[in-house]
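Thanks for coming. I will take a few minutes to walk through one model, and the sequence and structure are on the screen now.

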Amino acid sequence: MQDRVAVVTGAGSGIGAATARLLASRGARVVALDIDRASVHAVSELINDDGGMSSPLVVDVADAADVGIAFDTIRSQHSHVDFVVNAAASFIAKGLDATTADWDKVLGVNIRGYSNIVQASHPLMLSSDAASIVNVSSISAHIAQPSRWTYNATKGAILSLSRCMAMDLAEHGIRVNVVSPGWIWTNEVAKAADGDRKKWEPIWGKYHLLGRLGEAREVATTIAFLLSSESSFITGAEIPVDGGYLSMGPEGLGETATFAGSA
């Protein structure tokens, strides 16, 4: 990945931040995008302090004009783009109570945002000899969860969108794949747990065959694999990074399940 140019959305926190830092540690020049100015600048500073290369851009991925401005800046700094990671997400989870504003927000970020980024990056990827895109979906794309119409519907749509992208971009030598995380200890999960991981991990861990929550870096390493030449014959595919969540039956792990430890 040395000197490859990587654009990462949602880079201010969670999986996006972990991915930006990992790619930079492997020699990529990372353009970190996020709507939160403070967080994306902080992540870029961490990368640069660690000896990596990163530049932050504040952008609303749901706004095509804003994305266009961001890519004008990227074009002025780099001759091309090799990698794109769509990790930005709206975590609005609503069901019967979903409003038009809720739908506009979640569709704007999770679907239109992914499209905006790929449309804008496509011309800059044509000259790359290793062009690869990874979109972040979720195990929620495959299952029903209570009061989750908005979030789950968009995560399911990301799978279909990514397959269509893979088909249309294959002739340009651009690969498109998906990672679908299970329960990962990120800011959003921490909020749901009131920051008490010790209390909630044993409870939520039973949703996964491995008996624990995942780490953002564990998703990032899978993303890095899909971006790299080591996955050169993989496109239009989805890799669950879910600790076995989607393989679980309704019996779960059972009441007597115990684990010696975690990663």
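Before the helices, one term: a crossing is left-handed if the near helix is turned anticlockwise from the far one by less than a right angle, and right-handed if clockwise.

Now the ground rules. This is a predicted model, in which local features need pLDDT of at least 70 and side-chain atom pairs count only at pLDDT 80 or more, while totals for chains, interfaces and linings use all residues. Residues are numbered from 1 along each chain as its sequence is written, and side-chain values use heavy atoms, with hydrogens and water left out.

First, the whole chain. The protein chain has eight helices and seven strands. Its C-alpha trace spans about 55 × 40 × 40 Å along the principal axes. What radius of gyration does the protein chain have? The value is 18 Å, and it agrees with a compact globule of 263 residues, because such a globule would have a radius near 18 Å. The radius is taken over C-alpha atoms, and the globule rule is 2.2 Å times the number of residues to the power 0.38.

Of the 263 residues, 48% count as buried. Buried means under 20% relative accessible area, exposed means over 50%, and partly exposed is in between, with a 1.4 Å probe and protein chains only. Contact means heavy atoms within 4.5 Å. Among contacts between residues at least 6 apart in sequence, 71% join residues at least 24 apart.

Next, the helix pairs. Two packed helices are described by the angle between their axes and the distance between the axes. Axes are lines fitted to C-alpha atoms, for helices over the stretch in contact, and angles run from 0 to 180 degrees between N-to-C directions. Angles under 35 degrees count as roughly parallel, over 145 as roughly antiparallel, 65 to 115 as roughly perpendicular, and the rest as oblique.

Start with α1, residues 14-25, and α2, residues 37-49: their axes come within 10 Å and cross at roughly 20 degrees. The two helices are therefore roughly parallel to each other, and the crossing of α1 and α2 is right-handed. On the α1 side the contact uses A17, A20, R21 and A24, which meet V43, L46 and I47 of α2. Those residues divide into six nonpolar, no polar and one charged. For that sorting, Ala, Val, Leu, Ile, Met, Phe, Trp, Tyr, Cys and Pro are nonpolar, Asp, Glu, Lys and Arg are charged, and the others, Gly among them, are polar.

Helix α1 also meets α8, residues 216-227. How do these two lie, roughly parallel or oblique? The axes of α1 and α8 come within 8 Å and cross at roughly 55 degrees. That makes α1 oblique to α8, and this crossing is right-handed. The contact takes in G14, I15, A18, T19, L22 and L23 of α1, together with A216, R217, V219, A220, T221, I223, A224 and L227 of α8. By class, there are ten nonpolar, three polar and one charged.

In α3, A64, V67, F71, I74 and R75 meet N116, I117, A120, S121 and L124 in α4. This contact has seven nonpolar, two polar and one charged.

Finally, some single residues. A130 lies in the loop between α4 and β5, the strand at 132-136. At 24% relative accessibility, A130 is partly exposed. Leaving aside neighbours within four places in sequence, A130 is in contact with R4, D82, F83 and L227. L227 also belongs to the α8 side of the contact with α1.

N48 sits in helix α2 and is partly exposed at 36%. Beyond residues up to four places away in sequence, N48 touches M53 and S54.

Which residues have a positive phi without being a glycine? D3 does, at about 65 degrees, and S147 does, at about 55 degrees. D3 lies in the segment before β1, residues 5-9, and S147 in the loop between β5 and α5, residues 149-169. D3 is partly exposed at 40%, and S147 is partly exposed at 48%.

Terms used. Helices (H or I, at least four residues) and strands (E, at least two) are DSSP runs, numbered from the N terminus.
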